[in-house]
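Look at the chain below with its helices and charged side chains in mind.

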Amino acid sequence: MEKLSFFLRRCGKAAIVMLFVVVINFLLIRMAPGDPATILAGEAGAVDAGFVERVRKDYGLDKPLPVQLGTYMSQLAQLDFGHSYRENRPVKDIIFERLPATLLLTLSAFAFSVICGVGLGLAAARRAGSWVDTVITTGSLIFFAMPLFWFGLVAIVVFSLKLGWLPPYGIETVGAELTGMQAFLDVGSHLLLPALSLGLFYMALYTRVTRASAIEVMDQDFVKTAYAKGVPASRVWRKHILRNALLPVITFMSLQAGYILGGSVLVETVFAWPGVGRLAFDALFQRDYNLLLAIFFVSSLMVVIFNLLADLLYSVADPRIELQK
């Protein structure tokens, strides 16, 4: 009951946070330079003021800003994200088409970065000062300093153009119409380079955070006491060091959600990955307000959910931590 009460309180706070995020995003988008009505009129080949005013009226852009905000909030309460100016169809349909590709990319990169980063960080901490530690820390520093888009471009040149091992762009082979295991392997081959490009940077961060946290825990008295009692080293690392060293990692995992979604914009653009990140990049230049607001809403919701899960994971990693009221 205590955990359920905590979960419900956190959901209430998350709803308040989302309300503020929605309002701030709406105001920031509306204050951005550029008029979608003018852009649409230019694309239609009409430059007269009458046509621009008709377009502005059709999309409600002629109304005062508070009225536009109220209309948007009432539509959002009904899960209606509005109509896309550029695509000329409901925003909800566009988001649902692109969201699975982004979730596949970000979750794959997230799992890769956490598993490999924590594993390498523990290996470096266990052999601190050795050549293994030097290689791991140096490699993590290189990947940390490497821009996401630069690694993606180099990976395309090396593994796609030079070696021909992996496809350079897209989520599947166009026109192949594969099914079953062949379709799974085809998507996996397209996913490998984008996921590595997005995950290596965060893997380097997890490696360094885990190494520093594990070394700090190794010097604690309860670890020394466990060794003095003759507890096997593998059990000490699994039951004592790992569980306590993961607490800073869990905190960083909750923060990574927003960063990895931002990094997906670059990666999806480089690899022509048909996800929400690339969609946001296109919508920004096209001044597609409704589409941008929907993307920001979905991204913010994902970050809030990640933070909520991180709070719950604290009690799993260390039962001594009581859930705060």
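A salt bridge here is a side-chain nitrogen of Lys or Arg within 4 Å of a carboxyl oxygen of Asp or Glu. The model is predicted. In it, the side chains of D133 and R211 meet in a salt bridge, at 2.7 Å from N to O. D133 is buried, at 5% relative accessibility. R211 is partly exposed, with a relative accessible area of 24%.

The structure holds two salt bridges. In the other, the side chains of E97 and R89 meet at 2.9 Å, N to O. R89 is partly exposed, with a relative accessible area of 26%.

**Overall make-up**

The protein chain has 12 helices and zero strands. Of the 325 residues in the protein chain, 39% are buried. Take the contacts between residues at least 6 apart in sequence: 76% of them join residues at least 24 apart.

UniProt, in an unreviewed entry, places the feature "transmembrane region" at residues 12–32, 101–123, 135–161, 181–205, 245–271 and 291–317. How do two of these spans look in the model? Residues 101–123 are 100% helix and 0% strand, and their end C-alpha atoms lie 33 Å apart. Residues 181–205 are also 100% helix and 0% strand, with 34 Å between the end C-alpha atoms.

**Helix packing**

At what angle do helix 6 and helix 8 cross? Their axes come within 8 Å and cross at roughly 140°. Angles over 145 degrees would count as roughly antiparallel, and 65 to 115 as roughly perpendicular. Helix 6 and helix 8 are therefore oblique to each other. Their crossing is left-handed. On the helix 6 side, the contact is made by D133, I136, T137, S140, L141, F143 and F144. Helix 8 contributes L200, F201, M203, A204, L205, T207, R208 and R211. Both partners of the D133 and R211 salt bridge are among these contact residues.

Helix 5 (residues 91–126) and helix 11 pack at an angle of about 130°, with their axes 8 Å apart. That makes helix 5 oblique to helix 11. The contact is made by I94, I95, R98, L99 and T102 of helix 5 and by V276, G277 and L279 of helix 11.

**Single residues**

| Residue | Relative accessible area | Class |
|---|---|---|
| D186 | 13% | buried |
| G60 | 16% | buried |
| S300 | 17% | buried |
| A272 | 25% | partly exposed |

D186 lies in helix 8. Which residues does D186 touch, not counting those up to four places away in sequence? They are I171, E172, T173 and L178. D186 counts as buried because its 13% relative accessibility falls under the 20% cut-off.

S300 lies in helix 12 (residues 289–317). Leaving aside neighbours within four places in sequence, S300 is in contact with M18, V21 and N25. At 17%, S300 also falls on the buried side.

G60 has its place in the loop between helix 3 (49–58) and helix 4 (65–77). With a relative accessible area of 16%, G60 is buried. The C-alpha atoms of G60 and T71 are separated by 9.2 Å, and the two residues are 11 apart along the chain.

A272 is found in the loop between helix 10 (233–270) and helix 11 (276–286). Most residues other than glycine have a negative phi. A272 is partly exposed, with a relative accessible area of 25%.

Methods. Residues numbered from 1 in each chain as written. Predicted model: local features only at pLDDT ≥ 70, side-chain atom pairs only at ≥ 80, totals over all residues. Heavy atoms only, no water. Buried < 20%, exposed > 50% of the residue type's maximum accessible area, 1.4 Å probe, protein only. UniProt positions renumbered as here; feature names shortened; annotations may be inferred. Helix = DSSP H or I, 4+ residues; strand = E, 2+ residues; numbered from the N terminus. Contact = heavy atoms within 4.5 Å. Axes fitted to C-alpha atoms, helices over the stretch in contact; angles between N-to-C directions. Parallel < 35°, antiparallel > 145°, perpendicular 65-115°, else oblique. Left-handed = near helix turned anticlockwise from the far one by under 90°.
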